[in-house]
Amino acid sequence: MDETVAEFFKRTILKIPMTEMMTILKAWDFLSEKQLQNVNFQQRKESLVQDLVLLCEKKRASVHDAALLDIVYTQFHRHRKVWDVFQMSKGPGEDIDLFDMEQFKSSFKKILQRALKNVMVSFRDAEENAVWIRIAWGTQYRKPNQYKPVYVVYYSQTPYAFTSSCPLRSNIPLLGQALTVASNHHKIVKMDLRSRYLDSLKAIVFKQYNQTFETYNSTTPLQEKSLELDIHMDSRIIHENRIEKERVQRVTQETFGDYSQPRLEFAQYKLETKFKSDFNGDILAERKEPLRCLIKFSSPHLLEALKSLAPAGIADAPLSPLLTCIPNKGMNYFKIKDK
Amino acid sequence: MSVLRPLDKQPGLNTATILLVGTEDALLQQLADAMLKEDCASELKIHLARSLPLPSDVNRPRIDLIMFVVNLHSKYSLQNVEESLRHVDATFFLGKVGFLAMGAGQESHCSIHRNTVTKLANTYRSPVFFCDLEESQVTRFFRGQAPAHTTDANRTRLSPWPVPDTCPPGP
């Protein structure tokens with residue numbers, strides 16, 4: 001085995017935590033059950049990695065097999081990447097063709113390879129008609145860099161693709177073009193939506209959150225909620241603003257729904273508006289140019305935090321539509337200009 | 001506009017009613033729970049309100065003490081207290097009002113300066129207490145085993161902060 005390939009194997013296997021080693025290797029499906037049984041998984045990680053690399057060498061594993069292992073690792077650790085969302089559209093009057101996965105894959109690969117001499121593309125099919133694509137970029141004179149790949153997750157029955165952030169920004173238009181042409185679309189647009197949580201991005205874009213029509217006994221959770229309030233209340237504690245509290249709960253429920261929100265880490269608002277002031281003759285208000293200002297909300301779980309603002313008494317209900325429109329509009333990057 | 005007056009009702013027999021006013025319901029609930037766990041000479045009733053004026057259609061006992069709770073991390077809570085103060089009759093401030101300022105322990109989160117609350121309290125001739133709610137740890141000893149520490153979320157402890165420059169209550 002080539003030295004660089006062996007090194008690539010070693011580094012990829014080293015990334016995998018010991019607790020997940022068996023699961024990921026099984027999912028990779030390159031080494032057979034028998035071969036895995038013969039390996040001692042109780043030894044120290046460095047020696048285990050050496051044994052596994054030797055096994056791969058014996059089985060004549062190629063750089064493509066290593067790339068597949070990398071995809072499996074990333075699928076298990078998808079939150080380590082930050083994902084952007086792209087939306088494609090067909091031209092007016094174009095027919096909806098039947099999607100052929102193999103044709104898509106070969107077309108995608110060809111487009112990239114024609115444009116860039118040294119590029120390595122790997123595919124792995126996933127559930128829900130999705131395909132995970134791994135692209136390692138090279139240059140005219142250099143072999144592909146396996147340690148800075150870009151991942152694309154394309155849901156073939158939808159016009160959406162999710163990409164991990166690309167360190168080489170100049171390749172993004174090419175990537176977009178390859179996706180568009182290979183999937184028989186006309187145009188591709190980057191959405192103002194970004195997060196580490198791929199599944200949450202999916203939920204937002206495919207509108208899979210807050211499906212209140214799913215349960216036919218939806219009245220039971222509501223009953224439980226009002227009981228909760230009564231149990232906690234000591235009879236010596238009287239809530240004066242019960243009506244207001246109920247109004248806030250109702251408004252919050254109407255805005256956010258009953259179920260858990262998709263997970264985002266931040267919302268960013270870029271303001272380019274003129275400064276508005278109550279005082280006459282305020283220097284800032286006289287400026288003709290817009291005032292540039294960036295506001296960023298960060299949280300481990302932004303939408304749940306926003307949902308709990310009004311019930312916690314930190315903000316008025318209803319919240320500003322700029323905050324509540326995030327999942328509906330599928331955006332967490334906003335540019336606000338004067339009308 | 002309904003205004004709270006201290007002596008417009010008859011006092012209840014052996015009862016004391018405290019009104020806590022503050023925007024953060026969870027905070028008020030914790031405070032109320034902690035207060036009720038303490039021994040009290042009379043029967044204690046605690047009313048929690050987000051803001052004043054109180055709903056007028058309710059039959060409530062005479063209020064003996066009002067504590068305005070300000071969260072130093074939230075300008076919104078101070079604004080709410082300032083607006084609520086307008087609905088309290090002046091005679092209430094003769095020793096029946098106090099201010100609680102919470103969150104001074106986390107300086108980096110404070111958006112209201114301590115002096116702001118102190119000045120407000122001085123204006124209304126009422127005392128101010130700076131405090132934080134802590135969860136107390138309950139140590140349980142099992143026979144023959146090492147003690148296990150558990151956090152009893154229901155037990156809260158008020159840890160007072162040194163109170164700067166409060167004027168004595170009363171005229």
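**Stop 1: α2 and α4 of chain A**

Select α2(A) and α4(A): they cross in a right-handed sense. A crossing counts as right-handed if the near helix is turned clockwise from the far one by less than a right angle, and as left-handed if anticlockwise. This is a predicted model, in which local features need pLDDT of at least 70, side-chain atom pairs count only at pLDDT 80 or more, and totals for chains, interfaces and linings use all residues. Residues are numbered from 1 along each chain as its sequence is written, chains are lettered from A and ligands numbered from 1 in the order in which they are written, and side-chain values use heavy atoms, with hydrogens and water left out.

Helix α2 covers residues 21-28 of chain A. Its axis and that of α4(A) come within 14 Å and cross at roughly 10 degrees. That makes α2(A) roughly parallel to α4(A). The angle classes are: under 35 degrees roughly parallel, over 145 roughly antiparallel, 65 to 115 roughly perpendicular, and the rest oblique. Axes here are lines fitted to C-alpha atoms, for helices over the stretch in contact, and angles run from 0 to 180 degrees between N-to-C directions. Helices (H or I, at least four residues) and strands (E, at least two) are DSSP runs, numbered from the N terminus.

Now show side chains. On α2(A), pick A:Met21, A:Leu25 and A:Trp28; they meet A:Lys45, A:Leu48, A:Leu52 and A:Cys56 of α4(A). Contact means heavy atoms within 4.5 Å. This contact has 6 nonpolar residues, no polar ones and 1 charged. Nonpolar means Ala, Val, Leu, Ile, Met, Phe, Trp, Tyr, Cys and Pro; charged means Asp, Glu, Lys and Arg; the others, Gly among them, are polar.

**Stop 2: α1 against α4**

The crossing is right-handed. Among the contact residues are A:Phe9, A:Ile13 and A:Leu14 of α1(A), with A:Val49, A:Leu52 and A:Val53 of α4(A). By class, the contact of α1(A) with α4(A) has 8 nonpolar, no polar and 3 charged residues.

**Stop 3: α1 against α5**

The contact includes A:Phe8, A:Phe9 and A:Thr12 of α1(A), and A:Ala66, A:Leu69 and A:Tyr73 of α5(A). For α1(A) with α5(A), the classes are 9 nonpolar, 1 polar and 3 charged.

**Stop 4: a link within chain A**

Select A:Asp125 and A:Lys105. They form a salt bridge, with the closest N and O atoms 3.1 Å apart. A:Asp125 is in strand β2 of chain A and A:Lys105 in helix α6 (residues 101-115), so the pair ties together parts that are 20 residues apart in sequence. A salt bridge is a side-chain nitrogen of Lys or Arg within 4 Å of a carboxyl oxygen of Asp or Glu. Over all chains, the whole structure has 21.

**Stop 5: loops**

Go to A:Asn129, in the loop between β2 (119-126) and β3 (130-137) of chain A. Its phi is near 55 degrees, a positive value in a residue other than glycine.

Next, find A:Pro318, in the loop between α12 (302-312) and α13 (321-324) of chain A. A cis peptide bond joins A:Ala317 to A:Pro318, with omega about 0 degrees.

In chain B, select B:Pro53, in the loop between β2 (43-49) and β3 (65-71). The bond from B:Leu52 to B:Pro53 is cis, with omega near 10 degrees.

**Stop 6: chain B meets chain A**

Colour by chain. Here 20 residues of chain B contact 16 residues of chain A. The area buried between them is about 1600 Å², and carbon and sulfur atoms give 48% of that. Buried area is the accessible area (1.4 Å probe) that two parts lose on being put together, summed over both. Select B:Leu36, B:Arg50 and B:Tyr76: they supply 32% of the area that chain B buries against chain A, more than any other three residues.

How many salt bridges are there between chain B and chain A? The count is 3. End on B:Asp25 and A:Lys245, whose side chains meet in a salt bridge at 3.1 Å, N to O.
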